[in-house]
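Here's a quick briefing to read with the structure open beside you. Take it topic by topic and find each part as you go.

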Amino acid sequence: MEPIRNPYAPGAGQRPPELAGRDRELDAFEIVLERVARGRPERSLILTGLRGVGKTVLLNTLRSQAMGALWGTGKLEARPDQSLRRPLTAALHMAVRELAPRHPAPARIDEFLGVLKAFALRVNAADTKLKDRWSPGIDVPPTHGRADSGDIEIDLVELFTAAAGVATDVGTGIAVFIDELQDLPAADVSALCAACHELSQTGAPLIVVGAGLPHLPAVLSASKSYSERLFRYMRIDRLGRESADLALTLPARREDVEFEEKALIELYERSGGYPYFIQAYGKSVWDHAPRTPVTVEDVRVAAPEAEAELAVGFFGSRYDRATPAEREYMRTMAELGDSDAVPTAEIARSLGRKPASLSPARDALIKKGLIYSGERGTVAFTVPHFGRYLRSQPTA
């Protein structure tokens, strides 16, 4: 079949041609938008799941929903080595610029931008090197006395309150979308929880929609005990068989291509229902299948190419970031289990080491986003099928 017509899109954060199996999340967010628009109290939203389940795609789709409802929106990706101030400034600047043309009092927009600039410039307070200094690109003077104390928790509450006031003037809301939320520095996580808590108490029309790895709820709870009640948590998992089939068949039918039932069964077994893998296998099968309908034999012929691409781009790129000691730790995890959590004590026992001596490798792997600890004393891979990949690699 013609590769030019291939509808599948295995890319990081790239929306697939058919966003199957996410109706629950989309419908829930539509209710959030409507409730906030009517002045009803509503919680911010947290999406959690393994890598490859489509969290970023869903985050972008929710943002499109908010934009369709005429909300102001901004998005950022958290990084462990970066303060929240810079990316959040850019995200809120974008959100308010979306609302500015509809605001009845332009002076109010400038007033908020002055607060935003004051918030942003506090990041420079400790900088002494010229190359470290940064300008937020806001063409109004900073406002003094609001969101500029230097205490991120105080400043973020004041900033969000000011932003929500702009949205109230326009009769709409603001949504801030944060990807890889678990990577925020601890002080910023605490400040974000405090700001969301304040907004939820006042019913202000500003919400945060965060996405992150499965241990994100534990990260938030460790920061503020009330975070368990502060956010609405939605676990994003692999697709069921019916939704996985739709993700493959609906785009194909638009190109007059069909799949045999046995081919769909084989594809589900190989992909495990993970959206990224579905797109990777779908793309490879399309390129190899000579004609419609796609058969189980077509899948078996094309699968090695898909798996080779995943081995390099999805698995290998992550494995290469690990040190020899970290690789040994992960290989031992893979021998003891794949998708399920593995007790750290078992890993130590298998390696003939004391658990404390393995803490540096474990902590480094968590920081690199390769494993996570959902429960005390256990670890699991953040990437589906990573254990299977490691078991297939030579030990040298």
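Helix α10 (residues 261–271) packs against α12 at an angle of about 25°, and their axes are 9 Å apart. The two helices are therefore roughly parallel to each other (angles under 35 degrees count as roughly parallel, over 145 as roughly antiparallel, 65 to 115 as roughly perpendicular and the rest as oblique). Keep in mind that this is a predicted model: local features need pLDDT of at least 70, side-chain atom pairs count only at pLDDT 80 or more, and totals for chains, interfaces and linings use all residues. Residues are numbered from 1 along each chain as its sequence is written, and side-chain values use heavy atoms, with hydrogens and water left out.

**Helix α10 with α12**
- Helices here are DSSP runs (H or I, at least four residues), as are strands (E, at least two), numbered from the N terminus.
- Axes are lines fitted to C-alpha atoms, for helices over the stretch in contact, and angles run from 0 to 180 degrees between N-to-C directions.
- On the α10 side you'll find Lys 262, Ala 263, Glu 266, Leu 267 and Arg 270, which meet Val 296, Val 299, Arg 300, Ala 303 and Glu 307 in α12 (contact means heavy atoms within 4.5 Å).
- Sorted by class, this contact of α10 with α12 has five nonpolar, no polar and five charged residues (Ala, Val, Leu, Ile, Met, Phe, Trp, Tyr, Cys and Pro count as nonpolar, Asp, Glu, Lys and Arg as charged, and the others, Gly among them, as polar).

**Helix α9 with α10**
- The axes of α9 (residues 241–253) and α10 come within 10 Å and cross at roughly 110°.
- That makes α9 roughly perpendicular to α10.
- Arg 241, Ala 244, Asp 245, Leu 248 and Thr 249 in α9 touch Glu 261, Leu 264, Ile 265, Leu 267 and Tyr 268 in α10.
- This time the contact of α9 with α10 divides into six nonpolar, one polar and three charged residues.

- Thr 292 and Pro 293 are joined by a cis peptide bond, with omega about 0°.
- Leu 70 isn't a glycine, yet it has a positive phi of about 70°.
- Look for Leu 70 in the loop between α2 and β2 (72–77).
- Ala 147 isn't a glycine either, and its phi is positive too, at about 60°.
- Ala 147 sits in the loop between α4 (106–121) and α5 (152–170).
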